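User: I'd like to learn how to read helix packing and pockets. Can you walk me through it?

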Amino acid sequence: MSGTLLVGLTGGIGSGKSTVAGLLAGLGADVVDADAVARDVTSADGAAIPAIRREFGLDYITREGALDRGRMRELAFRDADAKRRLESIIHPLVGQITEQRTRQAVRMARPCLVFDIPLLVESGHWRSRLHRVVVVDCDEQTQIERVTARSGLAHEAVRRIIASQALRGMRLSAADIVLNNQNRSIEALACDVAQLAEPFGLSLRNRK
């Protein structure tokens with residue numbers, strides 16, 4: 001491939017990963033948000049909806065024609081096979097779109113393409129496609145506090161989400177770079193991201 005650096009960005013829920021992705025975008029990185037792509041293909045009349053309707057039935061489709069995320073989340077928590085079946089529909093579509101974005105970034109000679117992937121470690125196939133993996137890290141209590149503050153979810157619900165993700169140690173062992181976001185102000189985090197991004201060919205001069 002050309003000089004476009006492919007960077008995977010991951011972290012547990014509430015780690016601040018999306019904030020870091022935004023900071024990298026502000027420094028000129030192209031960012032592909034895997035969750036946003038997944039939301040798009042499961043939105044009203046999205047590319048995944050026909051297959052989801054066939055696999056799970058109309059009970060899991062809203063009146064507007066989108067995936068009923070709340071009902072599907074409840075099913076996936078109690079039925080691991082349902083989660084696998086849903087992922088087998090969504091993940092190939094997300095893969096196609098991210099591959100298109102990769103080719104576009106390379107064709108345009110963008111310095112850095114960042115893949116914002118919550119389940120990078122869990123997926124198993126991303127690592128071989130990336131030049132660097134950046135993990136945004138904080139402890140579990142901080143995750144819980146951040147998520148409950150922003151979403152209103154109960155602590156136990158957040159703990160279940162954390163338990164469904166890779167263990168903190170697994171993420172850290174997969175990292176080329178660990179970005180500590182424990183008790184960091186947004187200003188301090190922005191400074192850390194700017195230092196991290198410089199070897200990636202990113203700076204304020206690269207802003208689109």
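User: Which residues in α2 meet α5?

Analyst: Contact means heavy atoms within 4.5 Å. Here Ala34, Val37, Ala38 and Val41 in α2 meet Ile90, Leu93, Val94 and Ile97 in α5. By class, that contact has 8 nonpolar, no polar and no charged residues (Ala, Val, Leu, Ile, Met, Phe, Trp, Tyr, Cys and Pro count as nonpolar, Asp, Glu, Lys and Arg as charged, the others, Gly among them, as polar). This is a predicted model, where local features need pLDDT of at least 70, side-chain atom pairs count only at 80 or more, and totals for chains, interfaces and linings use all residues. Residues are numbered from 1 along each chain as its sequence is written, and side-chain values use heavy atoms, leaving out hydrogens and water.

User: At what angle do α1 and α10 pack?

Analyst: Axes are lines fitted to C-alpha atoms, for helices over the stretch in contact, and angles run from 0 to 180 degrees between N-to-C directions. Helices are DSSP runs (H or I, at least four residues), numbered from the N terminus. α1 and α10 (residues 186–197) pack at about 55 degrees, with axes 10 Å apart. That makes α1 oblique to α10 (under 35 degrees is roughly parallel, over 145 roughly antiparallel, 65 to 115 roughly perpendicular, the rest oblique).

User: And which helix gives the most to the lining of the largest pocket?

Analyst: A pocket, on a 1 Å grid over the protein atoms alone, is an open set of points where a 1.4 Å probe fits, with protein on both sides within 12 Å along at least five of seven lines; lining residues have an atom within 4 Å of a point. Here α5 gives the most, with 8 residues. The lining divides into 17 nonpolar, 16 polar and 11 charged residues.

Terms used. Helix = DSSP H or I, 4+ residues; strand = E, 2+ residues; numbered from the N terminus.
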